[in-house]
Amino acid sequence: MSGAHNYINMFNLKGRKAIVTGGSRGIGKALAEALAAHGADVAIVVKSSLERAEKLAADLKASGTDSFAIQADVALEDDVQRMTDAVIERWGRIDILVNNAGIVLPAAAEDCALEDWRKTMSVNLDGVFLVSRAVGRQMITQKSGSIINIGSMSGRIVNWPFRHAAYNVSKAGVHMLTKALATEWAEHGIRVNALAPGYIMTELTDDVLREHPDVVNNHWAKGAVQNRIGTVEELAGATIYLASDASSFTTGEVITIDGGLTLR
């Protein structure tokens, strides 16, 4: 019976302190809710949607965990350090980091402005590095921690028909950064993994569905062997696994969750 009890508690995050960047909507919101549901206290980091983040934090606190919102731009080193310091000041430690903040600026490669290329890299790749570095320093001091980067199947394939080379390259960079940090920080008891979601229904997907229903229904949904788009909730299980003791022997992995789209 004690063995069964231990298995149940493998996924328990009670008392652990988490940060979710880009946590006020879409994937980030769902993952923040999932972490809180398993007992974690969650800091929600946003660049602009502070009101939504504060509403989510209030909801999470009402459910019994501590939560607060922080406004910070993950592409700015000073903002990242201020955000990290605020979390440490409140809780004294950081156990879980979900690097979810990201942008996509579609453009054919020949038309992609250098400014848009650099902006994509600054948020999607530099941001993951800056936040991981700042939080990683605290985790090194603690000798423990789990970092979960949100990559993309676009880091593995050139998805179609929209053109966004910058996004694809940035997410491929996230995957390699995940492996590099996992290798460097294993000696400190830190695990670093990534999720590579496929097409997921979010506010952004809703916008595409309204403007290009054929793309969503015929290219995206039918491209997956499960013949559909995923939901944000379907990323929660893997996130809890990677955040918890259940994945104590898992590091440097990129877990693809795409309904089988990259199988063919």
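Predicted model: local features only at pLDDT ≥ 70, side-chain atom pairs only at ≥ 80, totals over all residues.

Biologist: Pocket first, then. What volume does the largest pocket have?

Modeller: The largest pocket comes out at about 1,400 Å³.

Biologist: And how many residues line the largest pocket, and which lie nearest its centre?

Modeller: The lining has 45 residues, and those nearest the centre are G102, I103, V104, T202 and L204.

Biologist: Which element gives the most to that lining?

Modeller: That would be α7, with six residues. At least two residues each come from α2 (26-37), β2 (41-46), α5 (114-142), α6 (165-185) and α7 (203-211).

Biologist: Which residues of α4 are buried?

Modeller: The buried ones in α4 are D79, V80, M83, T84, V87 and W91. Down the axis of α4 they fall within an arc of 130°, so the buried residues line one face of the helix.

Biologist: What covers those buried residues of α4?

Modeller: The cover includes β1 (17-21), β2, β3 (67-71) and α5. On the face of α4 turned away from the buried side you'll find D78 and E89, both exposed.

Biologist: And what about the backbone just after α4?

Modeller: G92 sits there, and its phi is positive, about 85°.

Biologist: What is V135 in contact with, leaving aside neighbours within four places in sequence?

Modeller: Its contacts are I19, T84, I94 and L97. As for T84, it is 51 residues from V135 along the chain, and their C-alpha atoms are separated by 6.4 Å. T84 is also one of the buried residues of α4.

Biologist: Nice link. Now α3: which of its residues are buried?

Modeller: In α3 the buried residues are A53, L56, A57 and L60. They cover an arc of only 100° around the axis, which puts them on the same side of α3. The buried residues of α3 pack against α2, β2 and β3.

Biologist: What is exposed on the other side of α3?

Modeller: E51, K55 and A62 are exposed there. For the geometry, α3 (residues 50-62) has 13 residues and reaches 18 Å between its first and last C-alpha, close to the 18 Å expected at 1.5 Å a residue. After α3 comes G64, with a positive phi near 115°.

Biologist: One more helix. What do the buried residues of α8 pack against?

Modeller: They pack against α7, and α7 is also what gives the most to the lining of the largest pocket. The buried residues of α8 are V215, V216, W220 and A221. Seen down the axis of α8, these fall within an arc of 135°, so they line one face of the helix.

Biologist: Okay, loops. Which peptide bond is cis?

Modeller: The one from W160 to P161 is cis, with omega near 15°. P161 is in the loop between β5 (145-150) and α6.

Biologist: I'd also like to check backbone angles. What is phi for K143, and where is K143 placed?

Modeller: Phi of K143 is near 65°, a positive value in a residue other than glycine. K143 is in the loop between α5 and β5, and at 48% relative accessibility it counts as partly exposed.

Biologist: And what phi does N227 have?

Modeller: N227 has a positive phi of about 60°, although it is not a glycine. You'll find N227 in the loop between α8 (213-223) and β8 (230-231).

Biologist: Last one: where does A186 lie?

Modeller: A186 is in the loop between α6 and β6 (190-197). At 45% relative accessibility A186 counts as partly exposed. A186 and I140 are 46 residues apart in sequence, with 9.7 Å from C-alpha to C-alpha.

Definitions and conventions: Residues numbered from 1 in each chain as written. Heavy atoms only, no water. 1 Å grid on protein atoms, 1.4 Å probe; cavity = no way out; pocket = protein on both sides within 12 Å on 5 of 7 lines; lining within 4 Å. Points joined across faces, edges and corners; volume = space filled by probe spheres on them. Helix = DSSP H or I, 4+ residues; strand = E, 2+ residues; numbered from the N terminus. Buried < 20%, exposed > 50% of the residue type's maximum accessible area, 1.4 Å probe, protein only. Arc of directions from axis to C-beta. Contact = heavy atoms within 4.5 Å. Expected span 1.5 Å × (residues − 1).
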